[in-house]
Amino acid sequence: MRIDVFTIFPEFLAGPAELSLLGRARREGLVDLRLHDPRDATSDRHRTVDDTPFGGGAGMVMRPEPIFDIVEAVDPPRPLLLLSAAGRPFDQAMARELAASDGFSLLCGRYEGIDQRVADHLCDGEISIGDYVLAGGESAALIVIEAVTRLVPGVMGNDESGTEESFGGEVSDGPTLLEYPQYTRPAEFRGHEVPEVLRSGDHARVARWRRAQALRRTLERRPDLLDPARLSPSDRALLEEFAPEG
C-alpha cells in the first residue's frame, strides 16, 4: 500500500513513521509512506504557502498554487483526502475501506485553513477525526495512517488481532461493540483476580463470556452504538448467563 501525505511539517510524521507496526511495515515493504512539503513547490525565497483571507478576518489561509503544483507533480494515489473538521467522520468502517485499496493520500491543513478551491477542485473528499479543532492536520493524519495500516494484511503479526477488538470484526458481527476486557499474568494481583472463566480452559465458555462483556460494556459506555431493544435472544441470554455478581 502506498500512502502520500502533503504537509508543511513532514518532520512531524517522519519520526513516528519509523516506530512500532508502521515502521516495521515500511521496512518490510508492506507500506510505502511518502511525505511531501508544499513549500517545495514555491518559487519565492521565503517559500510562502499562506496569505491573508479575502473578506478579512484573523489568521492566514494556505494558498492554492503550491498545493496544486506539488500534488500534480507527485501524482499521488487517490483518493486524496483533506483532513478537515468539516469532513466525513473517520471511523473503523472507513479504515477498512481504505485498507482494502492500493493506496490513498492525505492533505494536512494549517493556519486558518486551506483555500476552498483545493477542496473543491483537487481533493476527492474531506475527513474528520472528531468534533474538535487542531492546530494542523498532521496529528489527524497519523491517526488515520495507523488505523488503516494495521489492517493491511501482514502488518500485524497475528491478523486475527484486528478482528476481536472495539469496532473490529468478529466481536462486532451484528451491532458495533466495544472490546471485551483483557487480562494477563499474574492470575491474582493485590487481591484482584482474573475472572475464573478465562482460566477454565473452556474455549466455548470463554467466547460466550467475551461476547457478554462486549455487549455490557457497549450498553454502559456507548449506548449510542447499541439499541437494547435490538438485542438478539442469544445476546440477551448471554447477558443473563454472565450477569455481574451482587
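The following legends describe close-up views of a predicted model.

Residue numbers start from 1 in each chain, following the sequence as written, and side-chain values rest on heavy atoms, with hydrogens and water left out. Because the model is predicted, local features need pLDDT of at least 70 and side-chain atom pairs count only at pLDDT 80 or more, whereas totals for chains, interfaces and linings use all residues.

**View 1. The open sheet of five strands.** The strand order is β2-β1-β6-β5-β7, with parallel pairing. Strands (E, at least two residues) and helices (H or I, at least four) are DSSP runs numbered from the N terminus; two strands pair if DSSP finds at least two bridges between them. β2 (32-36) and β7 each have a single partner strand and stand at the edges, so one side of each lacks a neighbour in the sheet. On average, neighbouring strands are turned by 35° against each other, direction ignored. Helix α4 packs on the sheet and touches β5, β6 and β7, its direction making about 170° with that of β5. Helix α6 also packs on the sheet, touching β1, β2, β5, β6 and β7, and its direction makes about 165° with that of β6. Contact means heavy atoms within 4.5 Å; axes are lines fitted to C-alpha atoms, for helices over the stretch in contact, and angles between N-to-C directions run from 0 to 180 degrees.

**View 2. Strand pairing around β5 and β6.** β1 and β6 pair in the parallel sense over five bridges, and I3 has F104 as its bridge partner in β6. β5 and β6 run parallel and are joined by three bridges; L82 stands opposite L107 in β6. Five bridges link β5 with β7 (residues 125-128), again in the parallel sense, and the partner of L82 in β7 is E126.

**View 3. Strand β6 and residue F104.** Five of the five residues of β6 are buried, so the strand is largely enclosed by the rest of the structure. Buried means under 20% relative accessible area, exposed over 50% and partly exposed in between (1.4 Å probe, protein chains only). G103, S105 and L107 point one way from β6, while F104 and L106 point the other way. F104 has a relative accessible area of 0%. Beyond residues up to four places away in sequence, F104 touches M1, R2, I3, D4, P77, R78, P79, L98, V144 and V148.

**View 4. The largest nonpolar core.** This core has 28 residues, of which V5, L106, V144 and V148 touch the most other members. A nonpolar core is a set of buried Ala, Val, Leu, Ile, Met, Phe, Trp, Tyr and Cys residues joined through side-chain atoms within 4.5 Å. At least two core residues come from each of β1 (2-6), α2 (20-27), β5 (80-89), α4 (92-99), β6 (103-107) and α6 (138-149); α6 supplies the largest share, six residues. Leaving aside neighbours within four places in sequence, V144 is in contact with L83, F90, L98, F104, L106, I127 and I129. Another core, of 15 residues, lies apart from it and includes F6, M62, V71 and I114.

**View 5. The packing of helices α7 and α8.** Helix α7 (residues 203-221) and helix α8 (residues 233-241) pack at an angle of about 95°, with axes 9 Å apart. The two helices α7 and α8 are therefore roughly perpendicular (65 to 115 degrees; under 35 counts as roughly parallel, over 145 as roughly antiparallel and the rest as oblique). In α7, R208, R211, A212, L215, R216 and L219 meet D235, L238, L239 and E241 of α8.
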